[in-house]
Amino acid sequence: MVDEPKIELFVKSSEDGESIGANPFSQRLAMILMFKGCTFTLNTVDMKRAPDVLKDLAPGTQPPFLIYNNEVKTDVNKIEEFLEETLTPPRYPSMTPKYKECTTAGNDVFQKFSAYIKNQSAAHEDNLQKNLLRSLLKLDLYLKNPLPHELAADPKMAISKRKFLDGDNLTLPDCNLLPKLHIINVVCRHYRKFEIPKDLQGVSCYLQHAEELKAFKYTCPNPREIILFYRDVVRKMP
């Protein structure tokens, strides 16, 4: 039997210096490792004392980063690729999507969200909110549109019944998008009294399925931590 690799994931800590901080890239990697079902150690790094913690492990590097069998890996995209190429079937599930379109679904949602919450001009507020809604609507339409394998099974299917972007299984694009959607809902609800509309049924069902998944639920930062993290990012209306 092949030995289990020694994997350590280092992420930024919360304000209290102990739990997981509000960082979608950290959650993305934690979701991959948890869904793969491999054993790993999650280390939270208090950035107030980061120089002492990081100087020997990964000098000049910001979390998240990974140590795999004593080898440090620091680029999130390359870590994702490495884990998918290394932790392979039959021992670990593949997380590579079948449909390349799902890799770009919702890819501008977080950008539109950032522009919206950083806005300080009341005159631009409605337009920036509409830009975010348009981006969410585009994602909603993608999620509701049946995929080829669904239509092959049921040519009359009008609305997709799948759970995630690529089908009923979690894939890498989900690990990138779901943490961002969670942040959007928490931040917009608290600071703008706005949230992803429930009548976007595709997105709503997508988030519901995510909340039922251990790999998502157990890696989510506490909503209070997200609110605290964004307190210096969100711009208040004058």
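Colleague: Which residues does Q27 touch?

Modeller: Leaving out residues up to four places away in sequence, Q27 touches P179, F216, T219, C220 and P221. "Touching" here is a contact, which means heavy atoms within 4.5 Å. Before we go on: this is a predicted model, where local features need pLDDT of at least 70 and side-chain atom pairs count only at pLDDT 80 or more, while totals for chains, interfaces and linings use all residues. Residues are numbered from 1 along each chain as its sequence is written, and side-chain values use heavy atoms, with hydrogens and water left out.

Colleague: Where is Q27 found, and why does Q27 count as buried?

Modeller: Q27 is in helix α1. Buried means under 20% relative accessible area, exposed means over 50%, and partly exposed is in between, using a 1.4 Å probe and protein chains only. Q27 has 2% relative accessibility, so Q27 counts as buried.

Colleague: Helix α1 also holds R28. What makes the meeting of E80 and R28 a salt bridge?

Modeller: The rule asks for a side-chain nitrogen of Lys or Arg within 4 Å of a carboxyl oxygen of Asp or Glu. The side chains of E80 and R28 come to 3.1 Å, N to O, so the pair passes. E80 sits in helix α3 and R28 in helix α1 (residues 24-36), so this pair links distant parts of the chain, 52 residues apart. Both ends are buried by the rule: E80 is at 12% and R28 at 6%.

Colleague: How many salt bridges does the structure hold?

Modeller: The structure holds 12. Side chains of opposite charge can pair when their charged atoms come close. One of them joins E4 and R91, with the closest N and O atoms 2.9 Å apart. E4 is in the segment before β1 (7-12) and R91 in the loop between α3 (76-86) and α4 (109-118), 87 residues apart.

Colleague: Are E4 and R91 buried or partly exposed?

Modeller: E4 has a relative accessible area of 34%, so E4 is partly exposed. R91, at 37%, counts as partly exposed too.

Colleague: How do you know that R162 and E150 meet in a salt bridge?

Modeller: Their N to O distance is 3.9 Å, which falls within the cut-off, so the label holds. R162 lies in the loop between α6 (148-153) and α7 and E150 in helix α6, so the pair ties together parts 12 residues apart in sequence. Both residues are buried.

Colleague: Now the largest pocket: how much space lies in it, and what makes it a pocket?

Modeller: About 270 Å³. On a 1 Å grid over the protein atoms alone, a pocket is an open set of points with protein on both sides within 12 Å along at least five of seven lines, whereas in a cavity a 1.4 Å probe fits but cannot get out; lining residues have an atom within 4 Å of a point. Grid points are joined across faces, edges and corners, and the volume is the space filled by probe spheres set on them.

Colleague: Which residues lie nearest the centre of the largest pocket?

Modeller: Of 15 lining residues, these are N185, R189, K198, L207 and E211. R189 and K198 also belong, with E195, to a network of salt bridges. Helices α7 (172-192) and α8 (201-211) each supply at least two lining residues, and α7 gives the most, with five.

Colleague: K193 is found in the loop between α7 and α8. Why is K193 called exposed?

Modeller: K193 has a relative accessible area of 72%, which is over the cut-off, so K193 is exposed. K193 also has a positive phi of about 50 degrees although it is not a glycine. Most residues other than glycine have a negative phi, and most peptide bonds are trans.

Colleague: Where is a cis peptide bond, then?

Modeller: One joins P63 and P64, with omega about 10 degrees, and another joins P89 and P90, with omega about 5 degrees. P64 is in the loop between α2 (50-57) and β3 (65-68), and P90 is in the loop between α3 and α4.

Terms used
Helix = DSSP H or I, 4+ residues; strand = E, 2+ residues; numbered from the N terminus.
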